Amino acid sequence: MIFDLALVKKHLIVEDTDDDEYIESLCLAAETAFNHYCNRTLYEFEADLSEAPENAVQLDKSIQLGGMVLVSSWYETRDGGKKLPMPTRLLWDPYRWINV
């Protein structure tokens, strides 16, 4: 999992471990959402990208925050919604990869 569970839980204001497995699954889904929305392959912060595909990108604070907002939306509503939250789109739009 690329997103930091402790940081996501802090964003969600969740202190116990009861929902850790669920929150981890939301984090994994957020990574997938980033990859699909941005047409990228997300790697951990400071990962070696020398052998990575051309569309590779390293996790940074903007990507992390966009993921936390998305996880928060899913965690609070539990229905997933039909669109990415506006803050997530604003944070992730600069990373969109358009291969022409």
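User: In this predicted model, does Asp20 count as buried or exposed, and at what relative accessibility?

Analyst: The cut-off for a buried residue is under 20% relative accessible area. Asp20 therefore counts as buried, its relative accessibility being 16%.

User: Which residue is joined to Asp20 by a polar contact between side chains?

Analyst: Asp20 lies in helix 2, which spans residues 20-38. When residues up to four places away in sequence are not counted, Asp20 touches Leu5 and Lys9. The polar contact between side chains, at 2.7 Å, joins Asp20 to Lys9.

User: Which residues of helix 1 are buried, and what arc do they cover around the axis?

Analyst: Helix 1 comprises residues 5-12, and its buried residues are Leu5, Val8, Lys9 and Leu12. An α-helix has 3.6 residues a turn, so residues three or four places apart point the same way.

User: Which exposed residues does helix 1 carry on the face turned away from its buried side?

Analyst: The buried residues of helix 1 are covered by elements including helix 2 and helix 3 (61-77). The face turned away from that buried side carries the exposed residues Ala6 and Lys10.

User: At the start of helix 1, which residue has a side-chain oxygen that reaches the backbone nitrogen of Ala6?

Analyst: The end of helix 1 is followed by Ile13, whose phi is positive, near 60°. At the start of helix 1, the side-chain oxygen lies within 3.0 Å of the backbone nitrogen of Ala6 and belongs to Asp4.

User: How many residues apart in sequence are the parts tied together by the pair of Phe34 and Trp92?

Analyst: The structure holds three aromatic pairs. One of them is formed by Phe34 and Trp92, edge-to-face, with 5.1 Å centre to centre and 85° between the planes. Phe34 lies in helix 2 and Trp92 in helix 4 (residues 86-92), so the parts that this pair ties together are apart in sequence by 58 residues.

User: Which residue forms one aromatic cluster with Phe34 and Trp92?

Analyst: Phe34 and Trp92 are both buried. The residue that forms one aromatic cluster with Phe34 and Trp92 is Tyr95.

User: Over the ring of which residue does the charged end of Arg96 sit?

Analyst: Arg78 lies over the face of Tyr75, at 4.7 Å from the ring centre. The charged end of Arg96 sits 4.0 Å from the centre of a ring, that of Tyr37.

Technical notes
Residues are numbered from 1 along each chain as its sequence is written. This is a predicted model: local features need pLDDT of at least 70, side-chain atom pairs count only at pLDDT 80 or more; totals for chains, interfaces and linings use all residues. Side-chain values use heavy atoms; hydrogens and water are left out. Helices (H or I, at least four residues) and strands (E, at least two) are DSSP runs, numbered from the N terminus. Buried means under 20% relative accessible area, exposed over 50%, partly exposed in between (1.4 Å probe, protein chains only). A polar contact is a pair of N or O atoms within 3.5 Å; within protein, one must be able to donate a hydrogen and the other to accept it, and residues adjacent in sequence count only if both atoms are side-chain atoms. Contact means heavy atoms within 4.5 Å. Rings of Phe, Tyr and Trp (its six-membered ring) pair if their centres lie within 6.5 Å; planes under 30 degrees apart count as stacked, over 60 as edge-to-face and the rest as tilted. A charge sits over a ring if NZ of Lys or CZ of Arg is within 6 Å of the ring centre and within 35 degrees of the ring normal.
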